[in-house]
Amino acid sequence: MKAQACGNDFLILEEKSAEGRHAQLARTLCARHTGVGADGIEFVERRADGSFFLRLFNADGSEAELSGNGTRCVAAWLAESEGLEEIALGTHGGVRKCRVILKEKDTPWWIQSSMGIPRVMPRTIEIAGASGPIEGLMVNMGNPHFVIFPEREDFGSHGMSWQELGAKIAVNPLFKFGTNVEFVRVIGKDKIEFRIYERGCGPTTSSGTGTCASAAAAITLKGAARSLTAVAEGGAQEVSWPETAAEMMLTGPAEIVCTGDARVNF
């Protein structure tokens, strides 16, 4: 199964089909020109107690804690194939509860997901080639993020394009396991725009956890509204973070693209 959420695309495979080849399958099947093409693979394990557990492998074969958009894609698949409209999905970053909000004929699924409680910490880092120290926020969404607020409208910062700077920050030794990087511009009290450089993928059109990290940073540092619209290249998602420090909620689309079989030769 292939699905996408705001252009952030994933393959969905049953865990039992991996046979221990998770990383190899990710590198082979996610290749844009010689495989099916995707940002990553969500491997779905069906456990004896009826619960589900997801393992996410990025296109480069590295394993990540979770993906907000990937989790939502799996929820859309389970809603479409098995009629499940409320479901808890375990991940290495915690359990994410998904609920179908809307589905009309020939339209994407709209799904609301619990995303955990963001942990936000200011941090200044040094990057070779950057024009000065980079002030940002480390945000933990069950996976790591580093959020900065660029001075340029094209999201470039510190004398670099956002793609170039994101590639450097993502592998900075400060982040033991690497980090996702978001470049955020506050457009209004209840609207932000951002770009994403994803660990293990590079630039992507969207990210669920990146959306939440960007929103958490804007709320914490820039006084943005606790319910806001976050717009990435792939489209808009809605974020809500109650003042009670409850879980952040993310609402957005997910669409089943196709199903099929792939020949895999190692």
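Biologist: Which element gives the largest share of the lining of the second largest pocket?

Modeller: Bear in mind that this is a predicted model. The second largest pocket holds about 180 Å³ of space, and the elements giving two or more residues to its lining are β9, β10 and α4. Glu135, Gly136 and Leu137 are among the residues nearest its centre. The largest share, four residues, comes from β10.

Biologist: How many of the residues lining the second largest pocket are nonpolar, and how many are polar or charged?

Modeller: There are 15 lining residues here, with Phe149 and Leu221 among those nearest the centre. Sorted by class, the lining comes out as eight nonpolar, four polar and three charged.

Biologist: Now the largest pocket: which residues are closest to its centre?

Modeller: That pocket has about 290 Å³ of space. β2 gives the largest share of its lining, three residues, and by class the lining has nine nonpolar, two polar and two charged residues. Of the 13 residues lining it, the closest to the centre are Met1, Leu13, Gly260, Asp261 and Ala262.

Biologist: Let's do helix α3. Why do its buried residues line one face of the helix?

Modeller: The buried residues of α3, which spans 162-170, are Trp162, Leu165, Gly166, Ile169 and Ala170. An α-helix has 3.6 residues a turn, so residues three or four places apart point the same way. Looking down the axis of α3, the buried residues line one face because they fall within an arc of 130°.

Biologist: Which strands are included in what covers the buried residues of α3?

Modeller: One of them is β13, itself mostly covered, with six of its eight residues buried. The cover of α3's buried residues includes β9, β10, β11, β12, β13 and β14.

Biologist: Staying with β13, where does the residue with a positive phi sit in its hairpin with β14?

Modeller: β13 and β14 run antiparallel, joined by three bridges, and Tyr197 stands opposite Pro203 in β14. Their hairpin has three residues between the strands, and the positive phi, about 85°, belongs to a residue in the turn, Gly200.

Biologist: Do β13 and β15 run parallel or antiparallel?

Modeller: For contrast, β12 and β13 pair in the antiparallel sense over seven bridges, with a hairpin of two residues joining them. Val184 has Phe194 in β13 as its bridge partner. On the β15 side, Ile192 stands opposite Ala230, and the three bridges join strands that run parallel.

Biologist: Last one: which residue in β16 is the bridge partner of Ala232?

Modeller: β15 (227-232) and β16 (235-240) pair antiparallel over six bridges, and a hairpin joins them through two residues. β16 also pairs antiparallel with β17 over three bridges, where Ser240 has Met249 as its partner. For Ala232, the partner in β16 is Gly235.

Conventions:
Residues are numbered from 1 along each chain as its sequence is written. This is a predicted model: local features need pLDDT of at least 70, side-chain atom pairs count only at pLDDT 80 or more; totals for chains, interfaces and linings use all residues. Side-chain values use heavy atoms; hydrogens and water are left out. Buried means under 20% relative accessible area, exposed over 50%, partly exposed in between (1.4 Å probe, protein chains only). The arc is that of the directions from the helix axis to the C-beta atoms. Contact means heavy atoms within 4.5 Å. On a 1 Å grid over the protein atoms alone, a cavity is a set of points where a 1.4 Å probe fits but cannot get out, and a pocket is an open set with protein on both sides within 12 Å along at least five of seven lines; lining residues have an atom within 4 Å of a point. Grid points are joined across faces, edges and corners, and a volume is the space filled by probe spheres set on the points. Ala, Val, Leu, Ile, Met, Phe, Trp, Tyr, Cys and Pro count as nonpolar, Asp, Glu, Lys and Arg as charged, and the others, Gly among them, as polar. Two strands pair if DSSP finds at least two bridges between them.
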